[in-house]
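Good morning, and thank you for the time. Please look at the sequence and the model while I speak about cavities and strands.

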Amino acid sequence: MKFLKIAVMAGALLGALPTMAQKLEYRDFKASNEMTARLKDTEVIDENSGKRAALIKIYTPFQNDVLGFDAGLFQILGRKQAGPGEVWLYVPERTQKVTVNHPKYSPTVIWFDGMEAEAGKTYTVELNVEGRNVALIASTPGAEITVDGEPQGKSPVNMHMPLGSHLVRAELGSLLFEDIVTLTQAGGNQFTLQMEDENLKFGDVDIEVADGAELWFQDNREGVGSLHKHLKAGNYVITAKLPDHEDQTTAFTVEAGKTKTVTATPPVAHLGYLELVTEPTYGVTVMEGDSVVELMPTMQLPVARYEYDFSKKGYYPQSLKFRIERGETLRDTIRLERIQYVKKTTGYAAVSFIASGKPSVGFTLGGYYENVNLEVSYNLGLGRSKDVSWYNQNEIQVGRYNYRMDEMAIRAGYQLRFAERFGLTPQAGFMIQRLSAKDKNYPGNGFTQPCVTIGARFSYHPVQHVGIFLTPEYAIPASTKGDIKEVYKNGGLTRGGFRASIGVSVSL
């Protein structure tokens with residue numbers, strides 16, 4: 001609306017004008033062709049005459065509730081705030097004048113200029129404090145002119161301005177005029193706005209801050225770590241911010257036409273306290289990433305999240321994640337657990353070499369549960385027996401054959417852990433020695449010899465999960481048939497007896 005600028009202007013300036021030294025004035029009172037007073041939704045009926053009231057649309061910065069209206073012998077039929085800067089006043093037909101009152105200014109009388117108000121007719125008028133018609137002329141033709149924030153068009157501008165002080169601005173490119181213009185009753189009617197090149201009033205500043213802090217300028221987040229600004233010459237303040245830090249401000253001065261570098265004060269971290277104890281107490285290495293941390297009885301740290309890694313030879317490493325809170329003390333004890341080379345509960349696989357009557361290579365699967373041991377093994381013989389002669393019932397030789405002896409066993413025991421890397425497991429078990437001929441149809445193929453075994457497993461673990469073991473064992477053979485005894489005797493094989501195995505195991 002064309003008169004809305006009056007509301008914006010007067011709201012900012014009326015408080016500064018001298019009271020009762022000025023009066024209200026109206027301008028451009030005229031009849032309008034608008035149908036507002038005749039429309040059903042906006043009409044008001046005069047109950048005395050039964051006719052529609054006349055409507056005066058008053059464009060003014062004043063609110064309806066601070067204005068007083070008096071139509072003389074006629075009654076005011078209605079009034080309301082129709083919108084920003086617009087008051088509607090309904091009066092009966094034949095009204096000739098309306099007196100407008102304001103608590104701070106002298107009243108004014110709106111005359112119908114020798115006429116009388118017509119029923120259902122709409123009128124318009126501008127109402128403000130008294131002023132004058134003035135010319136605003138910028139030193140650069142074509143500059144855009146604003147008065148109290150409202151655009152007025154390009155220079156030169158002729159307009160009606162209320163008395164008092166106004167913020168006038170003329171701008172074209174980098175040329176600018178901006179100042180307070182005071183309009184008085186006795187003053188001139190023309191104001192020249194001398195524009196200046198704003199570029200000559202500006203300078204550049206490069207602002208840097210440590211720790212990647214945020215840089216806030218005039219309540220706005222402008223950058224992180226660094227910032228470039230092109231500012232009008234003058235004094236300014238930059239604020240550095242970080243979460244969990246105290247904001248820090250830095251003042252700086254911009255000089256016209258110059259460039260300068262400003263190092264802003266970084267934010268100061270909020271602090272908390274950490275008290276850590278390790279078990280064992282000595283020899284523990286503490287790392288934060290790639291950096292070594294020297295533990296102190298009480299450490300003062302910035303508020304943040306941390307992760308420390310603790311390690312010591314012969315112990316399982318451990319990590320601790322924690323957050324330091326402002327002004328609080330975090331206490332904790334880090335207990336490192338010794339590495340268990342000889343484990344109470346684990347599974348293992350082993351390969352071994354067995355020295356006995358005929359050497360063999362063994363394969364073992366086993367495990368421990370709370371030091372109770374159970375394993376199964378298979379030993380593959382590496383050599384064959386001497387040739388053994390077989391005779392029929394008539395003592396006639398029917399052939400000479402040799403055999404390989406394989407062994408299958410199951411053992412149980414209980415582990416004794418008497419040193420960090422050494423273990424001893426007494427074992428007892430059951431073993432079957434089986435003979436294999438080159439042809440399954442040869443006599444003696446598949447002969448078995450049961451044995452009861454007694455022994456012990458000595459283990460040494462140079463590193464985790466890998467062990468070297470030695471198992472001396474004695475196998476007590478059960479009674480057997482004569483044929484198998486003869487095969488063992490004539491073939492140079494040993495039924496049961498002492499044996500020793502040495503090998504390598506891999507555990508979980």
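I begin with a definition: on a 1 Å grid over the protein atoms alone, a cavity is a set of points where a 1.4 Å probe fits but cannot get out, and its lining residues have an atom within 4 Å of a point. Grid points are joined across faces, edges and corners, and a volume is the space filled by probe spheres set on the points. The model is predicted: local features need pLDDT of at least 70 and side-chain atom pairs pLDDT 80 or more, while totals for chains, interfaces and linings use all residues. Residues are numbered from 1 along each chain as its sequence is written, and side-chain values use heavy atoms, without hydrogens and water.

How many cavities of 30 Å³ or more are there? The count is four. The second largest cavity holds about 120 Å³ of space. Its lining includes Y341, K343, R457 and H461. Strands here are DSSP runs of E, at least two residues, numbered from the N terminus. Strand 40 gives the most to this lining, namely three residues. The lining of the second largest cavity comprises four nonpolar, six polar and two charged residues. In this scheme Ala, Val, Leu, Ile, Met, Phe, Trp, Tyr, Cys and Pro are nonpolar, Asp, Glu, Lys and Arg charged, and the others, Gly among them, polar.

The largest cavity contains about 160 Å³. Fifteen residues line the largest cavity, with S352, T364, R411, T471 and S501 nearest its centre. Strands 33, 35, 41 and 42 each give two or more residues to that lining.

I turn now to strand 26, residues 271–279. Strand 26 pairs with strand 29 in the antiparallel sense over four bridges, and Y273 stands opposite Q300. With strand 32, strand 26 runs parallel over seven bridges, and L274 has L330 as its bridge partner.

Finally, four strands form an open antiparallel sheet in the order 19-18-21-23. Strands 19 and 23 stand at the edges with a single partner strand each, so one side of each has no neighbour in the sheet.

Note on methods:
Pairing = 2+ DSSP bridges. 1 Å grid on protein atoms, 1.4 Å probe; cavity = no way out; pocket = protein on both sides within 12 Å on 5 of 7 lines; lining within 4 Å.
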